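I opened the model today to look up a few features of its fold and packing. The entries below follow the order in which I went through them.

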Amino acid sequence: MAVDSADFTVKVGEVHALLGENGAGKTTLMKIMSGCLRPSSGTIYVDGKRVEFKTPADAMQHGIGMLHQQFTLIPTMTVLENIKLGLIGQRSKIGNLSEEIDRLFRILRLNVDLESTVDTLSVGEKQKVEILRIMLRKARILIFDEPTSAICGPDIDNFLQILRELSSNGYGVVFITHKIREATKVSDRITVMRKGKVVSTLKKEEIIDERMLLEMMLGECFQPELVKEKPRKNKLPLLTVMNLMVKNDQGVIKVNNASFEVYRGEILGLIGVEGSGQKELVEAITGLRKPVSGSITFYCNSSVKPGYIPEERFEMGVAQSLSVMKNAVLRDFECKEFMGRYGRLNFVRIEEFARRIVQLMGVKTPNLRIPVKYLSGGNIQKLIVGRELVRKSELLIAEQPTAGLDARSSYFVRKMLVDLALNGIGILLVSSDIDEVLEVSDRIAVIRDGKIVKIFNKDEAEPKKIGMYMLAAEVSQPSQ
Amino acid sequence: MAIGVAFLLGAVILYVAGADPIVAYYWLFHGAFSEVSFSETLVRATPLLFISLGLAVTFTARVWNIGAEGQFYIGATFAAILGLYLKDAPHPFGLIILLLASVAGGVAWAFLPAILRAYYGINEIITTLMFNYIAIYTVSYLLHNPFREPASMFPETTTLPEQLWMPIVIPGTRLHAGILLAFISIPFLYFVLRKTAFGMKIEILGSSRRTAEYAGIDAARLIIQSMLISGMFAGLAGGIEVLGIQHKMRLEISPSISPYGYTAIAVTLLGYLNPILVAATSIFLGGVINGSMTMHRMANVPVGMAGIFQALIIIFIMVGYYLEDKFANKLLERLNLW
């Protein structure tokens, strides 16, 4: 059972956040409200009238529209074509399409050419086009499923602003998220869900602090404490990247003359707008992509491959059809530790090792022999992170290590990163989550258009400054 | 269950084709698994088993070698032609050399598609399939012209001397030492695929090439290796068929209604790429092939019918697997593992 006797109301003109950990039932509840799923019991009322939705179209008839995490736009068609595509069978209801589009453009602060193709739009713009499509269909209640997971940094603030804008224009907004900070920033009311049940619905005024919401989400006292101060005396470089140039598959230069070091015992945060070259940079460091020029030098024990938590969990981080056990040694099974004679694998040791990771990370799995593909996304993520944290590598490259993890596991992973750094491991943390980077990093490198534009020390880094470097080149750079 | 449905539908088709289904099925089973015919079933199963075992490796790596038929032909031809020049070689040595030659033939025939796939990403399904035509027509040329036995009415090579034949294991049957080799190969391949680092690499590659690269595996090299392994087994199957059964190379060495190289693809998939299940499936299908031939001869069923019948069985088993899988997924869902 994903949702158990939950009550939820949304009014027009409010932003109502639905907060909970992964798997708490937020999305399921909203899918029921928008007609994507049918409840086994319970009723839905719209304007006080009892209704029954068989399909999303039924819900749309009653003015309820849901925006899913994946975009449904067709990238090769123009914005206008995509908008019209969403209106097939309904055009008659809209008086003057271009006037209506203009009005919605203003509300959404969207400023794109209707004739440009969708693939030239930024992620944020695409999202707005998606919203516009639903608004055009006369929706009054808009449900957003984890809308901020696709965007980052300053775009998130813009997006939250738009949610406010929508509510003041008389729309009811439901904002599904697991990020407490975003929920408190924008909402009039917050409903917290845990394990399929609604824990509580709070008005803005009733919320004392984030801690309180966190405890409601997790269902227990939880102390998110991180060791922040730490002695970092030795300045021994572990990884040096010099004048690195990397092209992507299309031959476009994605990393342009990047130079930086990762020292022993430090966490270097690498932050940038998605697609700024982080991916190619990491691929070059991990040996998956040949750089055009420049050098990458490791000063660590070469017998162990550097730890690497890839962003592509499922296509890369695990072999889906293989067992949990085998995936636990995915990158080390050829080490002496796991090999017997005649090329044979030592499954006793492998099982021991896998059990350790599963216990450490709290991976939920019925046994170690089940194929990894039967685990949930969060559990797969825990397995990958656990594997890379436990491997005895001196350098760890972590790409979005907490994406898709619930609050508790995220804190745990961050804490482990810090602990590892304290033990002398060098970590390159690639993340689009400013808060996360600020929380654990010793230094923060900002990448923009493939260039490392700034490296902050922890004490001089502020979200605003970082955001400025992440985004526009036209912003005049302070003190330079 | 699936097999049951296949037989039921088969019965309808047999009836439509004008045969008595019960009589037909009697002969099917008689021809497949009765005391007199089981040795022939094993004879059929031997090449299927060899080829499928090799394909199990390749398919696990998600490399689709459709070229086993060609590799089989080339392996067989290598053995048969080299045999003509080794007429006087003493007993085990000549035989061993010829078997090695057939392996070399199969490997050579798989090599170019393997390289094309591994380094240039050229679809191996198409290349290996085309290589089958090249192989079969080249062999046809060789059998019609330079290597044709003048005294024979058919395009075939001269029969090899007896000291080059595979020894018979059970007197009075055609069961030869090849079946023993095949049975030894089953646990060996099972071990390689399931228990070794090499097998694990193959599995990882089959899961996703990106994962393989992430795990530090040289994917291109592994693609070539896996392809050559199946070429090796297909070639060996050809050599053993020549040296154990035909004692010469003929164009119909692979039965035309169920060519070994293609039937083995079905065997491998039906056997879930698991060497042990693959073995069981090749014996079963070997039986179906033989049985449907008997059915054709004894119950007045057209030979094409036998082919249709074999195809139906394979399709129904695949559908059955799918349904089972779906059911298993439902069950897991209930257990809340998602």
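**Chain B, overall**

I began with burial: 51% of the 338 residues in chain B are buried, where buried stands for 20 or more other C-beta atoms within 10 Å of a residue's own, exposed for 12 or fewer and partly exposed for anything in between, with C-beta atoms placed from the backbone. The model is predicted, and local features need pLDDT of at least 70, side-chain atom pairs count only at pLDDT 80 or more, and totals for chains, interfaces and linings use all residues. Residues are numbered from 1 along each chain as its sequence is written, while chains are lettered from A and ligands numbered from 1 in the order in which they are written.

I then looked up the secondary structure of chain B and found 13 helices and zero strands. Helices here are DSSP runs of H or I with at least four residues, strands are runs of E with at least two, and both are numbered from the N terminus. The radius of gyration of chain B is 21 Å, close to the 20 Å of the globule rule for 338 residues, so chain B is as compact as a globular protein of that length. That radius is taken over C-alpha atoms, and the rule is 2.2 Å times the number of residues to the power 0.38. The C-alpha trace of chain B spans about 70 × 55 × 35 Å along its principal axes.

I also checked contacts (C-beta atoms, placed from the backbone, within 7 Å). Of those in chain B between residues at least 6 apart in sequence, 78% join residues at least 24 apart.

**Helices 7 and 8 of chain B**

I looked at how helix 7 (residues 177-195) of chain B meets helix 8 (residues 197-207) of chain B: the angle is about 65° and the axes are 5 Å apart. That makes the two helices of chain B roughly perpendicular. Axes are lines fitted to C-alpha atoms, for helices over the stretch in contact, with angles from 0 to 180 degrees between N-to-C directions. Under 35 degrees counts as roughly parallel, over 145 as roughly antiparallel, 65 to 115 as roughly perpendicular, and the rest as oblique.

Val192(B), Leu193(B), Arg194(B) and Lys195(B) from helix 7 of chain B meet Phe198(B), Gly199(B) and Ile202(B) from helix 8 of chain B. I sorted this contact by class and got four nonpolar, one polar and two charged residues. Nonpolar covers Ala, Val, Leu, Ile, Met, Phe, Trp, Tyr, Cys and Pro, charged covers Asp, Glu, Lys and Arg, and polar covers the others, Gly among them.

**Where the chains touch**

I counted 18 residues of chain B in contact with 23 residues of chain A. On the side of chain B that touches chain A, the largest share, six residues, comes from helix 8 of chain B. That side of chain B divides into nine nonpolar, five polar and four charged residues.

**Six-stranded sheet of chain A**

I traced an open sheet of six strands in chain A, in the order 4-5-6-1-7-8 with mixed pairing; strands pair if DSSP finds at least two bridges between them. Strand 4 and strand 8 (197-203) of chain A are at the edges with a single partner strand each, so one side of each has no neighbour in the sheet. Neighbouring strands of this sheet are turned by 20° against each other on average, direction ignored.

Strand 4 (residues 64-67) of chain A has Ile64(A) and Met66(A) pointing one way and Gly65(A) and Leu67(A) the other, and all are buried. Four bridges pair strand 4 of chain A with strand 5 (residues 141-145) of chain A in the parallel sense, and Ile64(A) has Ile141(A) as its bridge partner. Helix 5 (residues 123-136) of chain A lies across these two strands, at about 165° to strand 4 of chain A.

**Hairpin and one residue in chain A**

I looked up strand 16 (residues 443-448) and strand 17 (residues 451-457) of chain A, which are antiparallel and joined by six bridges. They form a hairpin with two residues between them, and Asp449(A) in the turn has a positive phi of about 50°.

Last, I checked Leu389(A), which lies in helix 13 (residues 377-390) of chain A. Leu389(A) is buried, with 22 other C-beta atoms within 10 Å. Leaving out residues up to four places away in sequence, Leu389(A) touches Met416(A) and Leu420(A).
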